[in-house]
Amino acid sequence: MAGEVAVAGSGPSVRRIAVIGGGPGGLYAAALLKRLDPARTITVYERNAPDDTFGFGVVLSDETLGGIEHADPEVYRALSREFVRWDTIDIVHRSRTHTSGGHGFAALGRRRLLEILHERCTALGVDLRFRTEAPPAAELAAGHDLVIAADGVNSVTRRAHADVFGPSLTEHRNRYIWLAADFALDAFRFEIAETPYGVMQLHGYPYADASTVIVEMREEVWRAAGLDSCDGAESTARCAKFFTEALDGRPLRSNRSSWIAFRTVTNSRWSHGNTVLIGDAAHTAHFSIGSGTKLAVEDALALAACIEEQPGLPAALTAYEAERRPVVASTQRAAAASLRWFEELATYVDQPPRRFAFNLLTRSRRVTHDNLRLRDASFTAAVEEEFGCPPGTPPMFTPFRLRGLELRNRVVVSPMDMYSATDGLPGDFHLVHLGARALGGAGLTMTEMVCVSPEGRITPGCTGLWTDEQATAWRRITDFVHTSAPGAAIGVQLGHSGRKGSTKLMWEGIDQPLETGNWPVSAASPLPYRPGVNQVPRELDHAQLTTIRDQFVQAAHRATTAGFDLLELHCAHGYLLSGFLSPLTNHRTDGYGGQLENRLRFPLEVFDAVREVWPAERPMTVRISATDWAEGGTDAADAVEIARAFAAHGADAIDVSTGQVVPEERPEYGRSYQTPYADRIRNTVDVPVIAVGAISSWDDVNSLLLAGRADLCALARPHLYDPNWTLHAAAEQGYTGPGAPWPLPYGAGSRTPPTGRTDAPKPRLRLD
């Protein structure tokens, strides 16, 4: 692995090396490879002069510095002499400064970093050719064993071989400019300016006796401020005026700086023959998590190590990509979350001040509540106090009220289809399944999608509420929850499968039609879920829409008598009501199709009819797919309007999921990957939200709540893995309060059991 540099492998066969680009990544790769084998001939082509550089300060993490120290102690020592270190972050918003400590940064000037690498390469015998355009990569590849393309975000090499590398470049919505101040800030500083043109932000950090200052804003703000027509000098002067408080009235300076929009670069592969991409040529990650130089240096280290370890260059390049791609993907996900946060900054400026600061610090999801509590306990305690946490109570164990229902904590067992019913009747399995999760401590346990008619089932194993017998069977379950898990609530999710009905049980073939016994399916439009596989649904006429609306109403009546505490209308995942909302599945030309207002009409009619019969004191929520993850489908802006419409009609909360609407979707999976959609709705529309989607740890739950991204968090698979997930989360946090009471028969198990001999007390073996 990177940092564990060996002296065997493909190294001896890689003697002639050309490096395109003399930035930190290219220079460090050249130095490492030359140090490992002084007989190598290595040439670095850099079109700029040695002292030309763009940007100002460079931030490196302790982890990256540790790798440099192991791989090249001499470079590490030279860097260490130059670093400015600090551990605090200042967040300045509306003239209030909130400081958080314990973060640990190290920075130096980019020019000095390049000088150190120039000196190291020269001492090792690397041929540095400044003011020299590199020959084309294909030409270099013919005369060298290895070509390292470190030619940056605008890589000529990547563009020349795009058919092989498969690049994807995504330009984002903010404009930013790199500047500098001739004094050192006391800390990493984020400052927000609410101007007549819109919200602007400053990112600043010290290096040597100066500071890097990045000014960023949405493009529409940039244009409204007239910055699109300013030259460099005027832009620099105006940015200094916007942030005069941060700069204490002092000027900013530029280095041929210009306004740019950040581009995220990915490639389907990083090598082509004996040519390999590193750094920004291979991938980019937004500057707000300080990752560009860090990633390039780590790439160089991994590449050098793999060349030494592997038996040949093809194996080395394969190993390099296999090692680095997961690390880079993780960093890019964190950077994307941070980038989106700053793009949506205007939606957060009215948050309470400490919540705003906490939200900013945890925006990438790499810093979490528990992590921040260890770094700066007093800051985190102040955020918790502002949130309303009683002393010793984690955020997830604070109560939350929806109409007449007070939930004892913020944890929801997410609806999960079990496909284990017969004729729609919930049986012993459902009693044990739902009863166990309610006993396990969750504030709210949700049923699977309960179907309003036999034709509205997804599979023959789906539960229903189309008969009184089914209502009686559900009553048995709700009575158990209310009796055996006092204080726990249980909710029902009502839905209709639409075009995704009449399919096999999930484990027999998800979304595959039944071999026998199919029933006809219906939808907003006659579009099969998978053409040639699933049935073509009938397009519902007005009379049939009325019938289905009435089926929802009758099911809601039965849900009332069944004793459910909350009702959720399922308008997500491509089922019937979701199918009306998405333009990809609703091609109607009547009053129920076309513009979003019309596509909302039938789901809102169903909602209104159900709300009318559902008891006024009991809350009603709506689950939506906030994006279809497909071109031309529902997007985040549509989701805000959908949520706004349901909230206006009386929805007590919006349960924000995504996708499963069309089979060609391309979700961006990752930890808590759906929560940005819940976040946007919560901070744009005046309605509580339930966040769901790969939320797996209690630390994530606490972080989302404290940051104001969600009011409740729904977890599915963690509750399949551990029915007592919530109680165990309480035990692991040392919480024993009313938000997570253990059932009396389980009381003896409320402490984490010892794990074996590793927990045994240790004797004193030294005398200090």
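Let me start with a term: buried means under 20% relative accessible area, exposed means over 50%, and partly exposed lies in between, with a 1.4 Å probe and protein chains only. This is a predicted model, where local features need pLDDT of at least 70, side-chain atom pairs count only at pLDDT 80 or more, and totals for chains, interfaces and linings use all residues. Residues are numbered from 1 along each chain as its sequence is written, and side-chain values use heavy atoms, without hydrogens and water.

Now, strand β25. Helices (H or I, at least four residues) and strands (E, at least two) are DSSP runs, numbered from the N terminus. β25 covers residues 620-625, and six of the six are buried, so the strand is largely enclosed by the rest of the structure. Met620, Val622 and Ile624 point one way. Thr621, Arg623 and Ser625 point the other way.

Next, the neighbours. Strands pair if DSSP finds at least two bridges between them. β24 (residues 566-571) runs parallel to β25, with five bridges. β26 (residues 653-657) is also parallel to β25, again with five bridges.

Last, backbone angles. Most residues other than glycine have a negative phi. Gln660 has a positive phi, near 65°. Gln660 sits in the loop between β26 and α24 (675-682). Gln660 is partly exposed, at 36% relative accessibility.
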